[in-house]
Structures are given as structure tokens and as C-alpha cells.
Amino acid sequence: MKAKRSSRNISIALVCVILGLALSWQFQSIRNNAKVMTLENQKKDDLVVKILNEQKNNENLRAKLNELQTQLSKFENARGNSDENLKLLSDEIQKLKTVAGLTNVKGRGVVVTFSKDDALSVEDDDLLFVLNELRATDAQALAINDQRIIDTSEVRGAGGYINVNGRHVLPPYVIKAIVDPDDAVNALNMVGGVFEQIKVFVDVSVQKSDNVEIPPIGEELIKTDKLKIVENDK
Amino acid sequence: MKVKDNFIILFIIFAIFGMLVTVQIRSTVSMQKQSALTLDYNRLKSQLDTRVKEGEQYKAQIAELEHKKEDFLKASPGTNSSNSLKNELDYLKFISGLTDVTGDGVVITLNDAENPDPASQMNYIIHDYEVYGIINDLRDAGAQAIAINDERLIATSEQICAGPTIKINKNRYAVPFEIKAIGDPDKLYSAIKDSDVVSGLIQYKKRVTVEQKNSIVIPKFMNDINGLISKLEVADNESKKEQ
């Protein structure tokens with residue numbers, strides 16, 4: 001009777017041990033699975049972002065391709081006609097001059113004015129902040145106090161004045177932009193946006209205008225002595 | 001008494017068994033879900049590949065068309081006046097960022113901090129204002145051509161936060177960012193190395209490297225040119241006089 005009872009106890013204990021082992025193994029495997037799953041999910045999200053990026057970039061490329069195709073068909077039509085050819089060439093030059101910022105341009109846009117009373121509190125970052133927001137709203141021409149902004153233009157605070165294109169710019173600081181005026185005003189006034197952050201220190205305002213005029217960059221300010229054109233063999 | 005004892009022990013064992021079975025089933029179900037996810041992942045990956053290939057195709061087509069256009073423009077009769085026009089065209093393309101350029105300068109890489117503290121994650125990622133702060137420092141130090149992730153910066157190039165990415169020339173890029181600048185390598189290097197922006201980045205353990213390099217190649221601006229000037233009206237004839 002006693003022997004029977006102890007053998008039963010032993011077998012129950014054995015079953016319990018096996019159960020315990022199985023249980024812990026099971027838990028571990030599940031936890032592992034969960035970790036792998038979140039990792040996979042993360043990777044998936046990353047991929048989705050990348051795909052969307054590529055999609056957007058491809059759209060931009062397609063627009064460029066279309067532009068080139070229409071241009072080329074124009075050239076195709078002008079083939080053999082030297083007058084027409086010269087005209088296309090000078091049109092292209094005129095266009096590139098505007099791209100390079102060498103022409104005086106006007107159009108609809110906005111004028112952002114930093115109050116003169118707060119001039120000493122205006123930092124270069126504030127001006128950069130506004131410029132960047134206007135660029136993001138597709139501004140096509142920009143100037144700070146009539147210094148045209150080009151690809152190499154810096155904005156550097158120096159106390160009582162700010163340097164733009166290596167030239168002193170004196171307060172009041174005024175940024176002019178040729179840009180969709182409604183878009184620009186909305187973007188600047190966005191809650192938590194540019195104006196809200198700048199207005200803590202400096203009074204700044206924006207006016208829409210139908211006739212913003214932006215002067216050209218001085219050609220002597222374009223420096224290219226460190227650059228060499230890469231010749232493509234293609 | 002003995003019978004009751006047995007009963008309790010068996011009950012507990014069966015209860016544990018029951019639990020094991022449920023857990024097993026749940027785990028199996030989640031495993032199946034996971035394999036579905038992997039399938040999804042592979043599908044997304046192949047989608048990404050096709051997109052990238054598509055983009056490369058577009059780029060190749062654009063290069064070809066641009067070459068054709070160049071030929072057309074250059075094909076006009078070789079009179080002196082048209083030759084000088086062609087030279088002017090080349091020069092304008094050069095200063096407008098429409099040619100690939102090479103020269104000495106610096107290469108900067110920016111990346112988010114490793115293992116950020118999740119509670120204050122915003123402190124550990126690269127922000128748009130840090131990127132354009134560095135760009136401004138480079139310009140101040142006389143950089144003559146700048147690109148971020150091979151996206152050439154022109155006068156109207158934005159560098160603006162768009163969710164987890166930064167938009168540059170309307171294209172989106174995620175970290176890491178590689179900024180290339182051509183100019184005086186020593187000036188550029190010291191301007192960036194000692195800048196407030198970079199010391200701020202280092203303070204939060206964001207990953208920054210600055211290196212001087214020779215013969216950096218910076219590609220041309222790739223977007224649609226007409227989109228840059230569609231709203232601009234040339235205001236006077238001052239610049240036309242030269243022609």
C-alpha cells in the first residue's frame with residue numbers, strides 16, 4: 001500500500017516537472033515571436049515610407065521628362081530653320097538668366113517685415129526660418145532688403161546688422177518673395193509655426209502684394225573659381 | 001480523503017494542460033500571422049525595387065533628352081554671334097547649378113543618435129533647422145556648390161521637416177544625410193567643426209562626421225526648370241541690353 005502510494009507520488013511529481021518545463025519553454029517561444037513580429041512591423045513601416053518617397057520622387061522626374069519632351073518637339077519643328085534656332089537659343093538664355101537670378105523680376109508675392117524696434121533681437125536663424133518656409137511654399141525668387149538670395153547666399157547675424165551675400169544689411173529687415181501669397185501667409189501663420197515662434201522675441205508681420213519686385217544678384221557676387229564642370233561623355 | 005486528494009491533483013494537472021493547449025494555439029496563430037507579414041514584406045520590397053528601377057529609367061531618359069536638346073541648341077549655324085550665345089548658355093547653366101561640378105571641399109554626414117531615450121526622442125533626431133543651419137554655415141564659409149544626398153541646392157531649395165523625412169527640392173530623404181560642399185576645404189572644415197550647430201548635435205550624441213575631401217562630385221539640379229520661374233515676370237530690360 002505504501003509502495004503504491006509513493007510510486008504514484010513520484011509519477012505525479014514527474015508529470016509536474018515536465019509540465020513546468022513545457023510551460024516555461026512555451027512562454028519563451030511566445031516572447032520571442034512577439035519580438036520578431038514588432039521588428040518585422042518596424043521594417044514594414046520603413047519600407048512603406050521608402051516606397052512613398054520613391055513614388056513622390058518619380059512624379060517629379062516624370063514632370064521634368066514631360067517638360068523636356070515638349071521642348072524637344074519645339075526644337076524638332078525648328079530644325080533647319082536657323083532664325084528659329086537662334087530665337088530658341090536666346091529664349092533659353094533668357095530663361096536661364098532668370099533661373100540664375102540675373103534678372104530683375106516681379107510678380108505676386110509677400111513682404112515679411114521684422115519690426116525695427118526689435119532689430120537687435122533679430123537673429124540670422126529667424127531670417128533663415130522664414131526663408132526656408134517660403135522656399136517650402138514654392139517661392140521662386142527671394143530677397144532680404146533687396147539682396148537677391150541665390151544658391152550661395154548666406155545669412156549671418158553680426159550684432160547691429162546682418163550679412164547677406166557678404167554685404168551688410170541694416171534693419172528694418174524685410175524679406176520679399178515671389179510666391180503664391182495665400183499659401184505663404186497660411187504657412188507662416190501656421191499654429192506652432194514660424195511666426196508663432198519668432199513673435200516671442202520679435203514683432204514680425206506679412207503683407208500680400210500683387211507687385212513684388214526683386215532685384216538681380218550682382219554678377220560679381222557669383223563665385224565659381226573652385227568649381228570645375230564635370231564633362232559627361234554621353 | 002484519499003480519493004479527494006487524487007481528484008485535486010488531477011484537476012490541477014488538467015488545468016495546466018488546458019492552459020498549455022490554449023497558449024500553443026495562440027502561438028501557432030501568431031506564427032501564421034507572422035508568415036503573412038513576411039509575405040507582405042517581400043511584396044513591399046519588390047514594389048520598392050520596381051519604383052527605384054522606374055526612377056532610374058526616368059533619369060536615363062532625362063539624360064538622353066537633355067543630350068538631344070544640347071545637340072539641337074549647338075546645331076544652330078556657327079556664326080560668331082551664335083557661338084557667343086552658346087558660350088553664354090554654357091556659363092548660365094554652370095552658375096545655375098545645371099551642370100555636374102567637381103572640386104575640393106568637405107563631406108558631412110548626419111545621423112540620429114543611437115539608442116535614443118524614447119521619452120525624449122525628439123532631442124535625438126536630426127531636425128530640418130539643424131540641416132539648414134549647417135548649410136548656412138557652409139555658405140558663409142564660401143561654399144560654391146552644395147548637395148544633400150546628391151540633391152543639388154539652388155536658391156529656392158527648401159530643407160523642411162516632413163514627418164520622419166526631410167524634403168529637399170520636393171524630394172523626400174530620410175537619415176543619414178550626406179552633405180557635400182565645394183569651396184576652400186580648410187575654411188569649410190573649421191567653419192563646420194566649431195559651429196554651434198555641430199556642438200549642439202554632439203551634445204545629444206547625434207552622429208556627425210566632417211571630412212575634407214578632394215575632387216568631390218556634385219550633381220546638377222534635377223527638377224523641372226520651368227517650375228522655378230513660372231510666376232516670375234522679367235521686370236526691366238536692363239539685362240537684355242547686353243544681348
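Across the interface of chain A and chain B, 7 salt bridges are found, each being a side-chain nitrogen of Lys or Arg within 4 Å of a carboxyl oxygen of Asp or Glu. In one of them the side chains of A:K97 and B:E88 meet at 3.6 Å, N to O.

## Basis of the model

This is a predicted model, in which local features need pLDDT of at least 70 and side-chain atom pairs count only at pLDDT 80 or more, whereas totals for chains, interfaces and linings use all residues. Residues are numbered from 1 along each chain as its sequence is written, chains are lettered from A in the order in which they are written, and side-chain values use heavy atoms, with hydrogens and water left out.

## Extent of the interface

The contact (heavy atoms within 4.5 Å) takes 95 residues from chain A and 104 residues from chain B. About 10100 Å² is buried between the chains, 63% of it on carbon and sulfur atoms, where buried area is the accessible area (1.4 Å probe) that two parts lose on being put together, summed over both.

## Strand pairing across the chains

Strand 1 of chain A pairs with strand 9 (residues 233-234) of chain B in the antiparallel sense over 2 bridges, pairing requiring at least two DSSP bridges and strands being DSSP runs (E) of at least two residues, numbered from the N terminus. Within this topic, A:V105 stands opposite B:V234 in strand 9 of chain B.

Definitions and conventions
Helices (H or I, at least four residues) and strands (E, at least two) are DSSP runs, numbered from the N terminus.
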